[in-house]
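Dear colleague,

Please find below the structure that I am handing over to you, together with its sequence. My notes on what was found in it follow directly after.

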Amino acid sequence: MTWLLNILEPLLFIAAAPLFAGWIKWLKCLAQNRKPPMPWQPYRDLAKLFRKETLVAEQASWIFYTAPYIIFSVAVLAATVVPFVSVDMPTAEIADVIVLVGFFALARFFQALAGMDIGTAFGGMGSSREMTIASFAEPAFLMAVFTLAVSASTTNLSAAIEYHLAHPHLIHPSYVFAALALMLVAIAESGRIPVDNPATHLELTMIHEAMILEYSGRYLALIEWAAQIRLMIYGVLLANVFCPWGIAQDTGLSELAVGVVAIAVKLAILNMVLVASETVLAKMRLFRVAQYLGFAYFLGTLGMLIHIVVEVGT
Amino acid sequence: MLKNVVARVSFELSEQSQNAWRMAKALAGNNILSVGVAGLVTLIITGYAVWTGARVSMLLAVLSVVLALASSVVSIGADRDPFLLRYTSFTLLGLAGVCGVCGGTIAVLARVDIAGEFPLGLPWMAWHLRLDALSGFFLALIGVALIAVSLFGPAYVREYENSRRSLAVLGIATGLFIAGMELVLLADDAFFFMIAWELMSVSSYFLVAYEHEQAANRRAAFLYLLMAEAGALFIILAFGVLAGFSEGFTFSAMREATLTPMWATIAFTLGLIGFGMKAGIMPLHAWLPEAHPVAPSHISALMSGVMLKVAIYGLIRFSFDLLGELHWEWGIVVLILGSASAVLGVLYALMQNNLKRLLAYSSVENVGIIFMGLGLSMVFDSTGHPQLGALGLVAALYHALNHALFKSLLFLSAGTILHQTHEGDCERMGGLIHSMPKTAVIFLIGCLSLSALPPFNGFVSEWLTFQTALQASALKSGVLRSFVPVTAAMLALTGGLAAACFVKVYGVVFLGRPRSRHVRLAHETPSKAMLAGPGFLAVLCLVFGVLPAPMIRLLEGIPIQLIGHSLPGAHASSWLWLTPVSPETASYAAPLVLLAILVAWVVSFELLHPRGKEVSVRKGEPWDCGFGGLTPRMQYTGTAFAMPFRRLFAQAFDIQEKLENHPPDLENKRPRQFVYYLHIGDRFWRWLYEPIGNAIWRVSGQVARIQTGHIRTYLSYSFLTLMFLLWVISQ
């Protein structure tokens, strides 16, 4: 039963990822007084891309052909590792949160290489910018997660969540800082405003889009889908790690139903926060992003110090 | 008549001997085969070793040194017959490598501790040899790199046969260099240690200066020699402090010595400077990015991959073994030096455009990561957490091994590129993935390992370092507890920057389109052995990344020997799961990660790949936002790729940037021209080295005053000195 659930849960995760992205878009359009596409529009887009002919530049190397599969496989693997509806899945132990960061880095490495493969100026530009942002985001991400890891004395996501559930009466002021830091990093890493604009195709401002300009057809579909999965992983991480209540600790049907509803509600709230910030904020200059992520790193460090000074006691 | 017969017989004899010579050449010609045969022989020896006990490991270690020396001796004739260097000398080196691997591995597995005396040296000071788990580990590490180099070398040195450089010097110095490194590991007294150390330093000077036609190379070699000797002085002083408190120069006597904390700290500081200079730790790294790139590529691989590790070995031996009792302040110093080296090393690497120079700076980064592991180990060990100290030590050792693998791989592949394109500047390369597909795959594996990406080996050792740093809550002192996780974040920053750096390298060198004519015309190396060397290392990179748990269990003997404890989670781990602390705290199943990625890949490929069509993709012009008309000059260059980093970390570099605007020249019909100069220098030159250099000039200027140039003045100096010394003795 556990193993069956363990297979079904990532499949549900992967299947729900486009819906999550479509939902954000839908809400954002409503918030900005535009007529929204339906939340399931991303499924239609993916289906369309899968059906279309795949056109590849003639000087592409095997890196260009394999990168979409690697990016997608790694995203699927990452989705398997993150606790979604229930904790304590057997596969959750394959990788802890540092390995999760490693997965994201692996996918990004191939994405950036694929961007440089054709030899266009835009591809290289996108790769350079993506790697710049990532190298600032990675320490901030880890600093936020370390606060959590040190207080629960584990880097396994499942174990950290269970620790948190087992000690509900403990108040962690450090978590507030860590959650804020992780939120800032999540926005940067999933290419949202104010770091990158997923809707833009204006040549000089795009980052993620610049790297995948040359992709089409099923390759583009895989990359887009992987990006949606990554966005949802960040959402689920924020929701389940810092606010784990409602997650199923058992394999009972009622528990699982509660788990599904709980994660849906949590993601909906996160959605609103994201949409509100995207509506209010403007995209920032590339060189401001370093300051933005430096702030996230600072928050993470502050969380760590607060944990050490206030929560542990000497 | 008789004369005629003699002449004829001698002619026939010489012809016969030449025939035999040719046959021998043909037999030994295939040195892949001979290394394979050697492998078989050593397998038999290993079986014998298991049967007789582990004492044979010392025999193998000494045999390895002897073979390296033999390769050096054989090369004396290489100027007359290049065949000697190409096949005999490199085959002997390969055999030395195989012996080193076998001997070292047995020593680590059986946790041997074999000591011996060598009846050489001064009459009252025999040379002491000793092989234990620690030296066995580093011996195996040298051996692995040596096997790869011996496969790669023969094809690479062919290039030098047509030049005026002496092949004999190359072969002799290489053999002595390797023998020196192995003797450093085997030495068991300070005297012999320094002899071996100097053998290693001086012979590698000749290798760095090998391509001596260019003044820049001679300068680099001189700088290398200068800093190596300065470092050696510090090491001698460090041993001197220890010897002052013990009854002799042997390491066993030094271990018994009890030092006051102040003297221990002085000895440690001297040792740290001496060994740190050789390891290339910031700010003592200035020689490294100068010397490593100018040596022949297979020597660069040995210097970066192996020689730096010998310095690490020296530091571990000196601090963990000889000094014994560690202080947490030392750990903090090592941790800070390591973090600074890691971050600054990778930042400087990111700015380089010469491929081998970039790799050299990346070695500074990796030595920094190893130092971080050692620093963590010292901090935990000295504050009463020996098991966590063992974890930090294992992380450092595993990273040392991994760095030896992937950095040798990258330097050898860079050598292949240099050999095939005669180009060392990344900005003139591009598109090599099409013309050199096999090298491209091997180099990619090296890049993935170095960027610490799962499931490759670099990730495992960085993960272990992270896990060690995250145990900071075990520490009592609040300052330490808050400081240690910050270094973990530094490590994370290093990882991110390293990934950016190697995306740049791979993207500019292998991807895109060729940026110059000779790179466009390049093709894959025809020599299989030249690919087999780095290919062998690439396979090991994957194996050590996918099966880390058994490998780390093998290493456990070393912390048991040095710290007296094994890893905290040693009992829980199986071959599949790496659980360094405990299964609840952290786990990583690299085989499953690899399996899951492959399964997801195959499934998505099978589902999506169209069937029933002739072509699955249509090829066409690149889209490029519809601009069209792409030329290779429009690609992003390495300098452009690194530009955001240059701007964001501007304080770390010594940047000289200039834009010249030449107005149009109507007479010669020349349009307006812009010329952009960019030079990125090492800050430490201005901060540290130039002041020291200037001070030395000033002091030597003062000293020159007493040198009048008259013989009678010098005679009176000698006389006065003699009188003074007599007075001292008579007191």
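How many residues does helix 13 of chain B have, and how far does helix 13 reach from its first C-alpha to its last? Helix 13 (residues 328-351) of chain B has 24 residues and reaches 35 Å, close to the 34 Å expected at 1.5 Å a residue; the expected span is 1.5 Å times one less than the number of residues. Of these 24 residues, 18 are buried, so helix 13 of chain B is largely enclosed by the rest of the structure. A residue is buried if 20 or more other C-beta atoms lie within 10 Å of its own, exposed if 12 or fewer, and partly exposed in between, with C-beta atoms placed from the backbone. Helices (H or I, at least four residues) and strands (E, at least two) are DSSP runs, numbered from the N terminus.

Please note that this is a predicted model, in which local features need pLDDT of at least 70, side-chain atom pairs count only at pLDDT 80 or more, and totals for chains, interfaces and linings use all residues. Residues are numbered from 1 along each chain as its sequence is written, while chains are lettered from A and ligands numbered from 1 in the order in which they are written.

The contact between the chains

The contact takes 74 residues from chain A and 66 residues from chain B; two residues are in contact if their C-beta atoms, placed from the backbone, lie within 7 Å. On the side of chain B that touches chain A, the elements that each supply at least two residues include helix 18 (457-469), helix 19 (478-509), helix 24 (590-608) and strand 3 (618-620). Helix 19 of chain B gives the most to this side, with 17 residues. By class, the residues of the side of chain B that touches chain A are 44 nonpolar, 14 polar and eight charged. Here Ala, Val, Leu, Ile, Met, Phe, Trp, Tyr, Cys and Pro count as nonpolar, Asp, Glu, Lys and Arg as charged, and the others, Gly among them, as polar.

Strands also link the two chains: strand 1 (residues 55-57) of chain A and strand 3 of chain B run parallel and are joined by three bridges. Two strands pair if DSSP finds at least two bridges between them. Val56(A) has Lys619(B), in strand 3 of chain B, as its bridge partner.

Packing and pairing within chain B

Helix 10 (residues 261-279) and helix 12 (residues 297-323) of chain B pack at an angle of about 170°, with their axes 8 Å apart. That makes helix 10 of chain B roughly antiparallel to helix 12 of chain B. Axes are lines fitted to C-alpha atoms, for helices over the stretch in contact, and angles run from 0 to 180 degrees between N-to-C directions; angles over 145 degrees count as roughly antiparallel. Among the residues that make this contact are Phe268(B) and Gly271(B) of helix 10 and Ile312(B) and Gly314(B) of helix 12. The contact of helix 10 with helix 12 of chain B has 12 nonpolar, three polar and one charged residues.

Strand 4 (residues 653-662) and strand 5 (residues 673-682) of chain B pair in the antiparallel sense over 10 bridges. In strand 5 of chain B, Leu678(B) is the bridge partner of Glu657(B). Of the 10 residues of strand 5 of chain B, one is buried, so this strand lies largely in the open.

Individual residues

Ile24(A), in helix 1 (residues 2-31) of chain A, is buried, with 24 other C-beta atoms within 10 Å. Ile24(A) and Asn271(A) are 247 residues apart in sequence, yet 6.0 Å apart in space, C-alpha to C-alpha. Met723(B), found in helix 27 (residues 711-730) of chain B, counts as exposed, with 10 C-beta neighbours inside 10 Å.

Backbone details

Pro283(B) is in the loop between helix 10 and helix 11 (288-294) of chain B.

Ser153(A) has a positive phi, near 45°, and lies in the loop between helix 5 (121-152) and helix 6 (157-166) of chain A. Arg111(B) has a phi near 50° and counts as partly exposed, with 15 C-beta neighbours inside 10 Å.

With kind regards

How values were computed:
Parallel < 35°, antiparallel > 145°, perpendicular 65-115°, else oblique.
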